[in-house]
Amino acid sequence: MRTQVGIIGAGPAGLMLSHLLHLQGIESIIIESRSRQEIEGTIRAGVLEQGTVDLLNATGVGERMMREGHVHEGIELQFNGNRHRIDFAELTGGKQIMVYPQHEVIKDLVAARLKANGTIFFNVSDVKLVNIESAQPTIEYTNEFGEPQVIECDFIAGCDGFHGPSRQSIPKSKRVEKQQIYPFGWLGIIAETPQVNPELIYAHHERGFALLSTRTPSIQRHYLQVDPKDDITNWSDDRIWSELHARVDLEGWTLPQGPIIQKNIVSMRSFVCETMQYGRLYLAGDAAHIVPPTGAKGLNLAVADILVLSQGIREFYEQGNQNILQKYSETCLKRIWRAQRFSWWMTTILHTNQNHSPFEYGIQLTELDNVTSSPNAAANLAENYIGLPFELPLYKHELSQK
Ligand code: FAD
Ligand code: DHB
């Protein structure tokens, strides 16, 4: 097989890239190791930045999101028994965020690609990236029927998440990996209860962090800070609810409770791979960087990488130069480090454990007090949470018309 861009991974990064390239008349093939059902059923992110929302709308895949998603104009920070609202709209000149689950974005993008006769091969295995230093790299893999396959292409997009093979294909001597692993994990639940609050609540508590989020008026998404090595079988539904109550209930306010329909534990790390490009291989999304989920940045960063990459590839085919591609890593890493800082900061001020000294605990509460009482500090949180502007040198006009 031959295509212009071979894409490894059908997460938000890979699907969005294929979609954007298609809109510009550039062909791609996506290969994905899991089934369509699995990728459309994996529960992960919930918060989309304004820029991500605008992009989904501008490229014709935002209709269901606008109908079923929930626009939020702020968040609440809870500490010392009180809630404090951070008003994004007021602090950022009217910007908002959208709560719309990642797997719904995936469904919308898969549907759009298939409707446009896009090619996605699911259930592939043994993926190898070959000749990435040449102008004609190839991807070798085994298809769902056990047959060996080869895709020849001009570019490979490594959109295969943190554990995929793409990053490892860059020689060790050419990449520097910087990371921090946190002694915190998140136990996430999906529960059938009425909506808890009009906006998300990020709660600091001496027993550990908790986050109350939402999916629909009758389905809620909550998280509890736990030990990352803990096993979900240690957490009965009763234990989860009692821990959530202990961390978030206030005088005169009790968290609504109901059946838990899904629960799991994820660990947390900050990770950056410098460089994101080697030869004709371009890494995007979690393949190149991971943020702890506290800042709700991972999916949005993946989309921001893809915007830069898709413009670079377009410039290559339309104008025959690689000006944007040559600066791909540098351009993306600037935003990535900003998101890393923000996600690290949100994680650090909100999570507590027994290793914290009374001094560190005092600093956490002072950070929270500062950000909820100083309009300048609140504006900085708001500006980062709603997301930095996207880089759109080639797209400005078309995207606002599509
Ligand atoms: P992925 O979604 O990981 O997709 C990679 C794809 O590649 C997968 O489908 C995988 O199966 C496939 N793959 C892997 N190996 C291979 C292979 N060898 N061959 C072919 N395919 C392969 N982000 C936000 O922006 N907002 C949030 O609110 C938010 N909340 C989060 C909450 C939680 C609990 C978690 C865990 C994450 C959260 N994130 C959030 C982060 C977000 O989910 C990720 O950053 C996002 O999924 C990254 O997209 P991606 O396409 O780069 O990678
Ligand atoms: C959700 C996830 C996050 O990481 C976050 O910071 C806020 C909300 C969610 O899944 O709803």
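1. Val 5 touches Leu 17, Leu 21, Ile 26, Glu 27, Ser 28, Ile 29, Cys 153, Phe 155, Ala 157 and Ile 313, when residues up to four places away in sequence are not counted. The model is a predicted one, and the contacts listed here should be read with that in mind.

2. Val 5 belongs to the largest nonpolar core, which has 74 residues, and together with Leu 48 it touches the most other members of that core. Helix 8 supplies the largest share of this core, with 11 residues. Apart from it lies another core, made up of 32 residues, including Val 371, Ala 378, Ala 382 and Ile 386.

3. Turning to charged pairs, the structure holds 20 salt bridges. In one of them the side chains of Arg 2 and Asp 154 meet with an N to O distance of 2.7 Å. Arg 2 lies in the segment before strand 1 (5-8), whereas Asp 154 sits in the loop between strand 11 (148-152) and strand 12 (155-158), so the pair ties together parts that are 152 residues apart in sequence.

4. Arg 64 and Asp 108 form another salt bridge, in which the closest N and O atoms are 2.9 Å apart. Since Arg 64 lies in helix 4 (residues 63-68) and Asp 108 in helix 6 (residues 102-115), the pair ties together parts that are 44 residues apart in sequence. Asp 108 is buried, its relative accessible area being 14%. Both residues also take part in a network of salt bridges that links Arg 64, Glu 68, Glu 104, Lys 107 and Asp 108.

5. Within helix 8 (residues 298-319), Glu 318 and Arg 314 are four residues apart and are thus separated by about one helical turn. Their side chains meet in a salt bridge, at 3.3 Å from N to O. Of this pair, Arg 314 is buried, with a relative accessible area of 10%.

6. Three strands, in the order 3-7-4, form an open sheet in which the pairing is antiparallel. Strand 3 (47-48) and strand 4 (70-72) stand at the edges, each with a single partner strand, so one side of each is left without a neighbour in the sheet. Strand 4 pairs with strand 7 (residues 97-99) in the antiparallel sense over three bridges, and Val 71 stands opposite Met 98 in strand 7.

7. Helix 11 (residues 358-373) has 16 residues and reaches 22 Å from its first C-alpha to its last, which is close to the 22 Å expected at 1.5 Å a residue. Which residues of helix 11 are buried? They are Gln 364, Leu 365, Leu 368 and Val 371. These residues cover an arc of only 130° around the axis, which puts them on the same side of helix 11. They pack against strand 5 (74-79), strand 6 (82-87), helix 10 (328-350) and helix 12 (375-386). The face turned away from this buried side carries the exposed residues Pro 358, Phe 359 and Ser 373.

Methods: Residues numbered from 1 in each chain as written. Chains lettered and ligands numbered in written order. Predicted model: local features only at pLDDT ≥ 70, side-chain atom pairs only at ≥ 80, totals over all residues. Heavy atoms only, no water. Pairing = 2+ DSSP bridges. Helix = DSSP H or I, 4+ residues; strand = E, 2+ residues; numbered from the N terminus. Expected span 1.5 Å × (residues − 1). Buried < 20%, exposed > 50% of the residue type's maximum accessible area, 1.4 Å probe, protein only. Arc of directions from axis to C-beta. Contact = heavy atoms within 4.5 Å. Salt bridge = Lys/Arg side-chain N within 4 Å of Asp/Glu carboxyl O. Core = buried A, V, L, I, M, F, W, Y, C linked by side-chain atoms within 4.5 Å.
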